[in-house]
Amino acid sequence: MFKKILIANRGEIALRIIRTCKEMGIKSVVVYSTADSESLPVRFADEAVCIGPPSSSESYLKIANIIAAAEITNADAIHPGYGFLSENSKFSQICEDHGIKFIGASAAMIDKMGDKASAKTTMLKAKVPCVPGSKGLLKNLADAYKQAEVIGYPVMIKATAGGGGKGMRVVWAKTEMEEHWDSARAESAAAFGNDGMYMEKFVEEPRHIEIQVAGDMYGNACHMSERDCSIQRRHQKLVEETPSPFMTEELRTAMGDASVKAVKAIKYEGVGTVEFLVDKHRNFYFMEMNTRIQVEHTITEEVINFDLIKEQIKLAAGEKITGTEYIPRLHAIQCRINAENPLKGFIPCPGTITDYHEPGGHGIRIDSHVYAGYTISPYYDSMISKLITVAQTREEAITKMKRALSEYIIEGKGISTTIPFHQQLMEDKSFNEGNFTTKFMETFEMK
Ligand code: MV4
């Protein structure tokens with residue numbers, strides 16, 4: 001097992017990883033920018049190394065500084081958390097070249113799954129269901145027209161280097177193809193330095209359901225059931241829950257089996273997530289695979305009573321997967337509490353928290369790094385807390401969430417949070433009926 005892990009991240013996930021390190025008897029080192037010198041990760045880690053100024057590109061993304069910090073402190077592994085360098089193949093490779101274990105996927109695996117068209121080809125070969133579409137990349141505009149006739153409109157053109165919705169267009173009819181082809185390619189080239197595009201049938205009003213998976217270096221793999229992440233806005237998730245209210249025993253078995261097949265086919269090592277689109281007929285299609293721990297891993301942990309960060313560390317150290325069958329018997333919901341104003345289009349509003357009180361009691365979990373006096377920096381994402389409730393049923397988890405939200409006090413000059421949004425959502429009829437798709441937030445209106 002590792003003796004010392006360097007955490008190349010900040011905020012709640014850095015704290016989350018430090019906590020598991022302590023429980024495993026592993027020393028922790030956190031790197032931080034000057035904006036985070038007063039942060040809880042810096043206080044709670046065994047060691048802390050300042051790696052640069054507030055700007056991410058000069059600190060949390062600065063590979064040379066992070067490697068230097070790992071060498072100075074003699075860390076034998078690096079945990080990248082989520083975001084930042086967690087799915088950066090160059091960083092994964094540099095860690096390996098320095099004899100430091102990257103607690104995440106190998107460079108080759110990140111590249112294989114990061115190119116969406118190639119990931120899809122790999123999944124098709126493994127017999128994982130995918131949205132009908134082009135075989136590999138589109139050659140040119142003429143090819144796009146030709147493929148769309150075969151697939152049938154509406155179609156979607158997607159950037160192979162994409163993710164988070166960038167470089168993606170719906171094409172409803174052939175008259176729209178040329179403008180979308182041009183603008184999607186320009187956007188992809190600017191965002192990713194890669195304008196490779198592929199095409200799929202457009203799945204209308206899908207749900208976003210993902211499967212938590214794990215694999216070890218001996219070819220064993222398992223899944224840990226699903227998370228429903230359909231409540232999102234501009235590709236930012238706001239609420240996640242498990243089980244999905246749309247799930248059936250049959251669908252869970254099918255999606256779980258497909259995900260395990262995927263993990264085995266690519267010889268995946270570590271914890272990961274296989275994302276699917278699910279249409280109204282409960283057909284499911286592979287969308288992408290995430291090779292990192294995700295923000296919403298918490299709800300899975302709650303329903304199966306299992307530490308996913310611990311599993312991730314154990315798998316990186318060469319241990320076998322702990323189990324092969326996880327049967328969730330509880331319901332968990334996570335609300336992301338962001339420093340954003342839901343009445344003003346969710347604009348970020350950083351500032352200093354002067355008054356802070358967390359809800360507590362039975363079935364409540366809060367993953368957060370903030371405290372009274374904490375300043376939310378404009379340099380990083382605006383998430384301040386993850387509020388998770390766990391109960392026997394979905395109805396009880398919602399009731400508990402309403403109760404917890406009503407107790408949550410986060411105040412400070414200029415600070416608004418997404419708490420009022422979550423309160424309204426928990427009262428929403430469609431949400432309570434489990435009747436929602438990825439389009440839900442497009443029509444949701446704050447009162
Ligand atoms: C789709 C789709 C409909 N049909 N693909 C959005 C992010 C990117 N990774 C894939 N995305 C989508 N791909 C086909 N063939 C709809 C989306 C989509 C979406 C997916 C999941 C969650 C929220 C979404 C919001 C808008 C579009």
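This is a predicted model: local features need pLDDT of at least 70, side-chain atom pairs count only at pLDDT 80 or more; totals for chains, interfaces and linings use all residues.
From α5 I noted Lys 112, Met 113 and Gly 114; from α6 I noted Lys 116, Ser 118, Ala 119, Thr 122 and Met 123. Sorted by class, the contact holds three nonpolar, three polar and two charged residues.

Next I looked up α7 (residues 141-151) and α8 (residues 177-192). Their axes come within 10 Å and cross at roughly 125 degrees. That angle makes α7 oblique to α8. I recorded the crossing as right-handed.

On the α7 side I found Leu 141, Ala 144, Tyr 145 and Ala 148, and these meet Met 177, Glu 178 and Trp 181 of α8. I counted six nonpolar residues in this contact, no polar ones and one charged.

**Parallel sheet**

I turned to the strands. Before tracing them I reminded myself that strands of a sheet pair through backbone hydrogen bonds, in either a parallel or an antiparallel way.

I traced an open sheet of five strands with parallel pairing, in the order β3-β2-β1-β4-β5. Which strands stand at the edges? They are β3 (47-52) and β5 (101-102); each has a single partner strand, so one side of each has no neighbour in the sheet.

Strand β4 (residues 77-79) runs parallel to β5 and is joined to it by two bridges. Here Ile 78 is opposite Phe 102 of β5.

Helix α1 (residues 11-24) packs on it and touches β1 (4-7), β2 (27-33) and β4. The direction of α1 makes about 175 degrees with that of β1. Helix α3 (residues 63-73) lies across β1, β2, β3 and β4, and runs at about 150 degrees to β3.

**Antiparallel sheet**

I then followed an open sheet of eight strands, in which the pairing is antiparallel. I wrote down the order as β13-β12-β9-β10-β11-β14-β21-β19. From one strand to the next, the twist averages 25 degrees.

Leu 277 is opposite Tyr 285 of β13.

Helix α11 (residues 308-316) packs on this sheet, where it touches β9 (207-215), β10 (221-233) and β12. I noted about 120 degrees between the direction of α11 and that of β12. Helix α13 (residues 419-427) lies across β10, β11 (236-242) and β14 (331-338), and it runs at about 145 degrees to β14.

**Helix α10**

Is helix α10 (residues 297-304) largely enclosed or largely open? Seven of its eight residues are buried, so the rest of the structure largely encloses α10. I listed the buried ones as His 297, Thr 298, Ile 299, Thr 300, Glu 301, Val 303 and Ile 304. Asn 305 follows α10 and has a positive phi, near 50 degrees.

**Two single residues**

I looked up Ser 225, which lies in strand β10. Its relative accessible area is 1%, and buried means under 20%, so Ser 225 is buried. Leaving out residues up to four places away in sequence, Ser 225 touches Glu 210, Ile 211, Gln 212, Thr 242, Arg 252 and Pro 328.

My last entry is Cys 349, in the loop between β16 (347-348) and β17 (351-352). Is Cys 349 buried or exposed? It counts as buried, at 11% relative accessibility. With residues up to four places away in sequence left out, Cys 349 touches Ala 339, Glu 340, Asn 341, Gly 414, Ile 415 and Ser 416. I also noted that 35 Å separates the C-alpha atoms of Cys 349 and Phe 202, which are 147 residues apart along the chain.

Definitions and conventions. Residues are numbered from 1 along each chain as its sequence is written. Side-chain values use heavy atoms; hydrogens and water are left out. Contact means heavy atoms within 4.5 Å. Helices (H or I, at least four residues) and strands (E, at least two) are DSSP runs, numbered from the N terminus. Ala, Val, Leu, Ile, Met, Phe, Trp, Tyr, Cys and Pro count as nonpolar, Asp, Glu, Lys and Arg as charged, and the others, Gly among them, as polar. Axes are lines fitted to C-alpha atoms, for helices over the stretch in contact, and angles run from 0 to 180 degrees between N-to-C directions. Angles under 35 degrees count as roughly parallel, over 145 as roughly antiparallel, 65 to 115 as roughly perpendicular and the rest as oblique. A crossing is left-handed if the near helix is turned anticlockwise from the far one by less than a right angle, and right-handed if clockwise. Two strands pair if DSSP finds at least two bridges between them. Buried means under 20% relative accessible area, exposed over 50%, partly exposed in between (1.4 Å probe, protein chains only).
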